[in-house]
Amino acid sequence: MNELIKELNSFLANLCVFYRKLQNYHWNIIGKDFFILHAKLEEYYDDVNSQIDEIAEHILTLGKQPLGTMKDYLEIATIQEAKNEKIEDKEVFSKIIADYEFLLQTATSIKEIAEEKKSVATSSLIDAYILDYSKKLWMLKQSN
Ligand SMILES: [Fe+2]
């Protein structure tokens with residue numbers, strides 16, 4: 001169980017950093033499709049925000065403590081924050097494709113650990129994440 005909680009907390013940390021990064025891009029993106037991408041990034045960070053709450057509450061459901069401070073998140077997250085500066089739309093695409101690929105990998109690995117540990121609830125919960133990231137990656141790659 002501890003390995004699973006560790007992975008879930010690390011996933012939570014990455015989602016929290018990714019949320020900040022997506023909103024940073026929402027503010028700083030530039031390019032001819034600004035209006036479309038500005039709105040799309042808001043949709044993405046709203047999705048991530050729901051996932052943050054769901055994963056934290058799932059950890060609580062398993063009787064453990066979710067990480068809750070930015071300090072903790074930054075210490076263990078693999079996803080890197082974006083700089084607070086203007087960024088071209090092409091670059092945003094390539095950065096978030098890489099991050100969604102990482103999140104898909106993480107969600108898949110959580111699925112495997114959950115199955116191994118017979119945590120049926122975690123295994124079932126994480127399916128939606130795998131589908132969500134797979135679909136977003138397909139769509140992002142069509143626009144790139
Ligand atoms: Fe906004």
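Let me start with helix α4. At 1.5 Å a residue, its 28 residues should span 40 Å, and the end C-alpha atoms are 40 Å apart, so expectation and model agree. The expected span is 1.5 Å times one less than the number of residues in the helix. Helices here are DSSP runs of H or I with at least four residues, strands are runs of E with at least two, and both are numbered from the N terminus.

Two notes on the source. This is a predicted model, in which local features need pLDDT of at least 70 and side-chain atom pairs count only at pLDDT 80 or more, while totals for chains, interfaces and linings use all residues. Residues are numbered from 1 along each chain as its sequence is written.

Now the overall picture. The protein has five helices and two strands. From the N terminus on, the order of elements is α-β-α-α-β-α-α. The C-alpha trace spans about 50 × 30 × 20 Å along its principal axes. For 144 residues, a compact globule would have a radius of gyration near 15 Å, and the protein has 15 Å, which agrees. That radius is taken over C-alpha atoms, and the globule rule is 2.2 Å times the number of residues to the power 0.38.

How much of the chain is buried? Of the 144 residues, 28% count as buried. Buried means that 20 or more other C-beta atoms lie within 10 Å of the residue's own; exposed means 12 or fewer, partly exposed is in between, and the C-beta atoms are placed from the backbone.

Contacts come next. Two residues are in contact if their C-beta atoms, placed from the backbone, lie within 7 Å. Among the contacts with a separation of 6 or more, 76% are between residues 24 or more positions apart.

Back to α4, which covers residues 89–116. Its buried residues are Val92, Ile96, Asp99, Tyr100, Leu103, Thr106, Ala107, Ile110 and Ala114. What covers them includes α1, β1, β2 (87–88) and α5. As a general point, an α-helix has 3.6 residues a turn, so residues three or four places apart point the same way.

Leu104 also sits in α4. Leu104 counts as partly exposed because it has 18 C-beta neighbours inside 10 Å. Which residues does Leu104 touch, not counting those up to four places away in sequence? They are Ile130, Tyr133, Ser134 and Leu137.

Just after α4 comes Lys118, in the loop between α4 and α5. Lys118 has a positive phi of about 60° although it is not a glycine. Most residues other than glycine have a negative phi. Lys118 counts as exposed, because it has 9 C-beta neighbours inside 10 Å.

The other helix to look at is α2, residues 34–61. Leu41, Tyr44, Val48, Gln51, Ile52, Ile55 and Ile59 are buried in α2. These buried residues pack against α1 (2–28), β1 (29–30) and α5 (120–143). Glu54, also in α2, counts as partly exposed, with 15 C-beta neighbours inside 10 Å. Glu54 and Leu12 are 42 residues apart in sequence, and 9.4 Å apart in space from C-alpha to C-alpha. Just after α2, Gly63 takes a positive phi of about 85°.

Leu67 lies in the loop between α2 and α3 (70–76). Leu67 is partly exposed, with 19 other C-beta atoms within 10 Å. Leaving aside neighbours within four places in sequence, Leu67 is in contact with Asn9, Leu12, Ala13, Asp72 and Tyr73. Leu67 and Ile97 are 30 residues apart in sequence and 26 Å apart in space, C-alpha to C-alpha.

Last, the core. A nonpolar core is a set of buried Ala, Val, Leu, Ile, Met, Phe, Trp, Tyr and Cys residues joined through C-beta atoms within 7 Å. In the largest one, with 32 residues, Leu12, Leu15 and Cys16 touch the most other members. The elements giving two or more residues to this core are α1, α2, α4 and α5. With eleven residues, α1 gives the most. Cys16 touches Ile52 and Tyr73, not counting residues up to four places away in sequence.
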